[in-house]
Amino acid sequence: MDELLKNIRAGKLDPIYVFHSEHPVLVERVVSAIRDVAVPPAARGFNYDVIEGKPNAARIVALSQTLPMMAQRRMVYVRDLVGLPSDEAEPLLTYLGKPNPSTVIVAITSKLDKRIKLYAQLSKKGFLHVLEAPRQLAPWVRNEAQSAGVKIDPAAINRLIDAVGGDLSRL
């Protein structure tokens, strides 16, 4: 995930990102980083679309083909791609072949099945990202505390992990 964030913050954006994770905090971080780079706050009124509820592939593609207004890029954010029926995904599959370079699609999927044609194609093109918790939680907690300007004793980190467990949002 660190490499992904590094590329995003450097302005190296892919045209499509689909994220799956058991940890919402990781998804929120990456989506926020993409949004901050792709669409500055002043341009979000015209260049930032959010699709909630049951997604529609034709609508996603139509929004993605729209040119940005007075900005370099636009972003289309799909809150949960899992509601997209497999038999209605064809417009999105076609779009994968030639995505609009001025649009970044960011989608979250709560369930991931790589046997489904859409997810298989996204994975093949490198647009599908599974965000996993770090293997070692103590360094992650230490970095989180440090970035928040909080000093924390190593023993306290271990006690916190023992008490809370591996839920990154709670940690």
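Start with the open sheet: five strands in the order 2-3-4-1-5, with parallel pairing. Strands here are DSSP runs of E, at least two residues long, and helices are runs of H or I of at least four, all numbered from the N terminus; two strands pair if DSSP finds at least two bridges between them. Strand 2 and strand 5 (128-131) sit at the edges with a single partner strand each, so one side of each has no neighbour in the sheet. On average, neighbouring strands are turned by 20° against each other, direction ignored (the axes are lines fitted to C-alpha atoms).

A quick note before you click on: this is a predicted model, where local features need pLDDT of at least 70 and side-chain atom pairs 80 or more, while totals for chains, interfaces and linings use all residues. Residues are numbered from 1 along each chain as its sequence is written, and side-chain values use heavy atoms, leaving out hydrogens and water.

Next, select residues 48-51 and 74-78: these are strands 2 and 3, which run parallel and are joined by four bridges. Which residue of strand 3 is the bridge partner of Val 50? That's Tyr 77.

Now show helix 4 (residues 57-65), which makes a right-handed β-α-β unit with strands 2 and 3. Right-handed means that, with the strands pointing away from you, the path from the first strand over the helix to the second runs clockwise.

Last stop: Tyr 17 and Phe 19, both buried (under 20% relative accessible area, 1.4 Å probe, protein chains only). Their rings are stacked, 5.8 Å centre to centre with 15° between the planes (rings pair with centres within 6.5 Å, and stacked means planes under 30 degrees apart).

Definitions and conventions: Phe/Tyr/Trp six-rings, centres within 6.5 Å; stacked < 30°, edge-to-face > 60°. Buried < 20%, exposed > 50% of the residue type's maximum accessible area, 1.4 Å probe, protein only. Axes fitted to C-alpha atoms, helices over the stretch in contact; angles between N-to-C directions.
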